[in-house]
Amino acid sequence: MTQPDAKPFWTEAADALCRRLNCGTDGLGRDEASRRLVQYGQNADASAKAPSLPRAIARRLLEPLSLLLLAAGLVSAATGDGAGGAIIVVILGVSIGLDTLQEGGAMRAAEVLRRSVALKAEVKRDGTFVQVAVETVVPGDLIRVRAGDIIPADALVLDGAAFTANEAALTGEPYPVEKRPGLVTGLTAGEASNAVFRGAVAQTGEAIALVVSTGPATLFGAAASALALTEDVSPFQQDLRAYGLLTARLTIALVLVVFSAHLAFGRPLLQSLLFAVALAVGLTPELLPMITTVTLSRGALRMAKRKVIVKRLASIHDLGAMTVLCTDKTGTLTSAEISLARSLDGTGADDPRPSRLGAVAANLGGDRGALDAAMMAAVPDAATGWTLRYRHAFDFGRRLGSVLASGPDGDVLVVKGAPESVLDHCVSARAGGKVAPMSAADQNAVLAQVRALAEEGLRAVAIASRPWVGAAHEIGVEDEARLIYEGLCAFADPPKPTAAAAIARLAAAGVRLKILSGDDPVVVRRLAGLVGLKADRVLSGADVAGLSDDALAVQVQSIDAYGRLAPDQKARLVRALQARGAVVGYLGDGINDAPALKAAHIGLSVAGATGVAQAAADMILLDSDLAVVGDGVEEGRRTFANILKYVRMGASSNFGNMLSMAAASLFLPFLPMLPTQILLNNLLYDVSEIGIPFDSVRPEALALPQVWDMRGLIRFAAVMGPLSSAFDLLTFAGLLLLVHVTPAEFRTVWFLESMATQILVIFIIRTNGRPWRDLPRPILAASSLGALVVAMALPFTPLGAWFGFKAPSLAIIGVLALTVVTYLVCAELAKSFAVSRLNSRTLRPAHG
């Protein structure tokens, strides 16, 4: 290694850069460094600012559904129903508050999980290396990095001794990458052996490098800058917004028609206005925000028990709607822990001797890199009885290293390194316990074996030895000659034991998995096969770069594995999938995953991920296991199913009753129900549905991705709404033509019929199966039946007169009960048709 004050090895590129950056071999002066800090800014990324509390509340309040509810509450209060208006506003406020608190708490928890990129950097200032805050590193600085250091900036290597860096978080490459001075022709970060990148970790050795980029201008910073982009509206938010707009249009249309018709018939202005407002409130799904927030919050709590932090509540639903999951390879499908897979002799047969000799060399004189650690872990007792005499450090120019050790076999020189380099020094080979001369054909056979292992995703290290003759001394290059080829040690970054089962589970649930990796396509193909994915063809980053957006959108439908991808290419693939209608999730833990995490509908990261990846994610898995994603998918579908129950109920009996009430008001000489009675009806109905977030869900509702479908919901309402209205009109006719009741009795009987049909039909609509075979959870049964008991008893209490009720006779109650039972039977029969049409649209298979 060059001494700190000596001139490093300057390449032509380094010299040109140094002239441009106006720096020299003594580094920058302190004054110049301060000036450049002002010019280039701090070596840090602007963290994604969390929205302020007022902005977070305003964002939720400006949703169409929230505005509709707020308007309904204000109009109710302005027209004399202060209690009803207050209830609507309070429900809306509680819903927004819960949502805001949950998201804020998750953001704080995620902040605690962030990992610092680096704290201090060793920089040459005024001719001397000093420790400075990493934020103060500037372009033109000379930095020194040693094993264990986190690289503080993007820099060109000027000098190095046995220096390797772990760039898994940046490029997806799990093995340490050799770094040395010189020119390279590669175009990607993974091929830049002459450069180090901010955020990578120095694995072995030491290097001096010239800083060329800091902060946002680094590869790390480019990924982090994606977090500052405007966040797209999630699929759930889009669907909820569309539903709110649809409800608002229908409500406004119905209210205008009814109000205009009343005025045309000469009804009093104030009475017509109050009745129209009451109808609007009755049609407004004021509990939907609360149902949605409570349901998603319960899902977040259940996922927290499974060690998942939910940063954005709506992402739970989006996870259930996901049709494609893209994932990085390292740390998600694989453990990112290198292991010894095979130990082969000179003929390719399994033999423990090469791995044992390799472990001896690694233990006594290795560089403690990932490969050495894997050998020592595989043969932990290999060095027992051996003593290190001399060591020749791994030479990255010659790509081999050696140790002279004394052990049971006497003094032995053990050499390990790149197969082609070791083979050049071998004159014989050991196989089956015998040593025989090694020909050029034998060496070519070994190299072919190395290529075959690479096709299997295995990296090979060659082991050679020879008995030491004479007195022990320092090992020289001339000593590493006339070696006996012992064999190969093959290493793997194995898939996690749970990966294949988790992928199969996702596939069965309609979620297709695609590997988007920065690693070699050969390795990606092998991994894909091991975890059960079809990977006859793997696209590389160069292939992706050569495709237009339209062509890429076609290719992503059939290709499931991609290798050697740049960060922006991962994001481009995500967008290509989205362009074809897929709901896309992305699971990654590296800096190179941040743009794709941000672009995806659902971003998933892990606790050990880089801070940038965690900041870009919607959920953070504290347990880095793909199986947790499968649990999350089920949870998302469970929340959607319960939200859909409320929407179905509002689209059936509630909508039908309001519709028939509006129609009847046009032809009856009196109001079919007083405004206060409508609001009471609406309040009790809302109370009956409070238990929906806690209800159980049938297995078939969890089987496939679910998304909102407005046409399907309209068709559902078109089937179930008119059915409810038909029984309402039948009740009207019976009361007026057969019984000849008074207006007060009419309103009372219809109030009872309306409440009974609306509440009891909950038990039918809540399940696609037969209600007696799929019973509700106790809390839903209690809230529904409790509200029904209050509604049925109210007209017979002193409070009934205050609401304008008059108790009906027992005969009318008996006929009413028969009507309700008949309606429920018809609703159960019609449900099969309405639900099948709805499910044909809301259950969407995975794309691709």
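Author: Start with angles between helices. Angles of 65 to 115 degrees count as roughly perpendicular, and those over 145 as roughly antiparallel. Keep in mind that this is a predicted model.

Reader: How are two packed helices described?

Author: By the angle between their axes and the distance between the axes. Take α8 (residues 235–264) and α11 (residues 314–321): their axes come within 8 Å and cross at roughly 100°. The two helices are therefore roughly perpendicular to each other. On the α8 side, the contact is made by Pro235, Phe236, Gln237 and Asp239. On the α11 side, Ala314, His317 and Asp318 make the contact.

Reader: At what angle do α26 and α28 cross?

Author: Roughly 175°, with the axes of α26 (residues 743–760) and α28 (residues 778–793) coming within 10 Å. That makes the pair roughly antiparallel. From α26, the contact uses Phe751, Leu752, Met755, Ala756, Ile759 and Leu760. From α28 come Ser784, Leu785, Ala787, Leu788, Ala791 and Met792.

Reader: Why do residues three or four places apart point the same way in an α-helix?

Author: There are 3.6 residues a turn, so residues at that spacing point the same way. Now look along a single helix. α12 covers residues 352–365, 14 residues in total. From first C-alpha to last it reaches 20 Å, close to the 20 Å expected at 1.5 Å a residue. At its start, a side-chain oxygen of aspartate 351 comes to within 3.0 Å of the backbone nitrogen of arginine 353.

Reader: Is α12 mostly covered or mostly open?

Author: Mostly covered, with 10 of its 14 residues buried. Among the buried ones are Pro354, Leu357, Val360 and Leu364. Gly358 and Gly365 are also buried.

Reader: Now a single residue. Why does glutamate 480 count as buried?

Author: The cut-off for buried is under 20% relative accessible area. Glutamate 480 has 1% relative accessibility, so it counts as buried. Find it in the loop between β16 (459–467) and β17 (483–492). Its side chain forms a polar contact of 3.0 Å with the side chain of histidine 392. Beyond four places in sequence, the residues that glutamate 480 touches include His392, Arg398, Leu413, His425 and Ile475.

Reader: Where is valine 538?

Author: In the loop between α17 (521–530) and β19 (539–540). At 10% relative accessibility, valine 538 also falls under the cut-off, so it counts as buried. Its C-alpha lies 9.6 Å from that of alanine 528, 10 residues away along the chain.

Reader: Step back to the whole chain. How many helices and strands does it have?

Author: It has 30 helices and 23 strands. Of its 848 residues, 56% are buried. Consider contacts between residues at least 6 apart in sequence: 73% of them join residues at least 24 apart.

Reader: What is the mean pLDDT of the chain?

Author: The mean is 80, and 82% of the residues reach 70 or more. Where pLDDT is low, the predicted coordinates should not be read in detail. Two stretches call for that care. Over residues 109–118, pLDDT stays under 50, and the model has 23 contacts there beyond four places in sequence. Over residues 837–848, pLDDT again stays under 50, with 38 such contacts in the model.

Key
Residues numbered from 1 in each chain as written. Heavy atoms only, no water. pLDDT = per-residue confidence, 0-100. Contact = heavy atoms within 4.5 Å. Helix = DSSP H or I, 4+ residues; strand = E, 2+ residues; numbered from the N terminus. Buried < 20%, exposed > 50% of the residue type's maximum accessible area, 1.4 Å probe, protein only. Polar contact = N/O pair within 3.5 Å; in protein donor to acceptor, adjacent residues only side chain to side chain. Expected span 1.5 Å × (residues − 1). Axes fitted to C-alpha atoms, helices over the stretch in contact; angles between N-to-C directions. Parallel < 35°, antiparallel > 145°, perpendicular 65-115°, else oblique.
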